[in-house]
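Have your viewer ready, and try each task before you read on.

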Amino acid sequence: MYKRILVGFDGSEPSKHALSAAVTLAKESNGEVLALTAVRAPEAAELEGEVDEALREADGPLGKAITWGKQEAKRAGVNCTFRKQIGHAAELLTRIAEESKHDLLVLGRRGRSPVKHWLIGSTTDRIVDHASCAVLIVH
Ligand SMILES: Nc1ncnc2c1ncn2[C@@H]1O[C@H](COP(=O)(O)OP(=O)(O)OP(=O)(O)O)[C@@H](O)[C@H]1O
Ligand SMILES: [Mg+2]
């Protein structure tokens, strides 16, 4: 079944649910999980060589969520890597899924936005439209 699982992880509660589902599936299939966080680099920071700072800024709530996720994966005995990468979330996740030949992309229905969308967030919405592999949306 699904052995190479990519999770869109923004540290939000829904993305934590997505990670739990991915870990459960990977345990069953003896597969592995990559939890990827897309980080936006402000143009200026990029120009001034402050990209590292932009990455560090994502810590705090995200750092705590990653610590939780590592424990969750360890408890299940699942190989799970956490990675932060600069890019636009929907574009980055669909591209990495394709390039790295993931067979499942797991996402939360919503993310960290304070705006409460009617149905699903814009990242998940775009990925459902563009992904080349199966997508699981966890509520
Ligand atoms: N920066 C990100 N990096 C990785 N995955 C993300 C990122 N942002 C969102 N996701 C994934 O997409 C899911 C849904 O988040 P999404 O961004 O679509 O909704 P939202 O934040 O509530 O609304 P908005 O459209 O305003 O961003 C998250 O649970 C997570 O799985
Ligand atoms: Mg969002």
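Predicted model: local features only at pLDDT ≥ 70, side-chain atom pairs only at ≥ 80, totals over all residues.

**Exercise 1.** Describe the surroundings of ligand 1: which residues are closest, and how much of the accessible area does the protein cover?

*Solution.* Start with the shell: ligand 1 is surrounded by 21 residues, and Gly8, Arg110, Gly111, Ser122 and Thr123 are the closest. Next, sort the shell by class, which gives twelve polar, six nonpolar and three charged residues.

Now look for backbone partners of the ligand's oxygen atoms. Gly108 places a backbone N or O atom 3.0 Å from one ligand oxygen. For Thr124, a polar backbone atom is 3.1 Å from an oxygen atom of ligand 1, and for Gly121 the distance is 3.4 Å.

Then turn to the cover: on its own, ligand 1 has 610 Å² of accessible area, and the protein covers 88% of that. Finally, assign elements: strand E2 (32-39), helix H5 (89-99), strand E4 (104-108) and helix H6 (122-130) each give two or more residues to the shell.

**Exercise 2.** Work out how H5 and H6 pack: at what angle do their axes cross, and which residues meet?

*Solution.* Begin with the axes, which come within 9 Å and cross at roughly 35°. The crossing of H5 past H6 is right-handed.

Then list the contacts: Ala89, Ala90, Leu93 and Thr94 of H5 meet Thr123, Arg126, Ile127 and His130 of H6. Sorted by class, this contact has four nonpolar residues, three polar and one charged.

How values were computed. Residues numbered from 1 in each chain as written. Chains lettered and ligands numbered in written order. Heavy atoms only, no water. Near = heavy atom within 4 Å. Polar contact = N/O pair within 3.5 Å; in protein donor to acceptor, adjacent residues only side chain to side chain. Areas by Shrake-Rupley, 256 points an atom, 1.4 Å probe, with all protein chains shown as cover. Helix = DSSP H or I, 4+ residues; strand = E, 2+ residues; numbered from the N terminus. Nonpolar A, V, L, I, M, F, W, Y, C, P; charged D, E, K, R; others polar. Axes fitted to C-alpha atoms, helices over the stretch in contact; angles between N-to-C directions. Left-handed = near helix turned anticlockwise from the far one by under 90°. Contact = heavy atoms within 4.5 Å.
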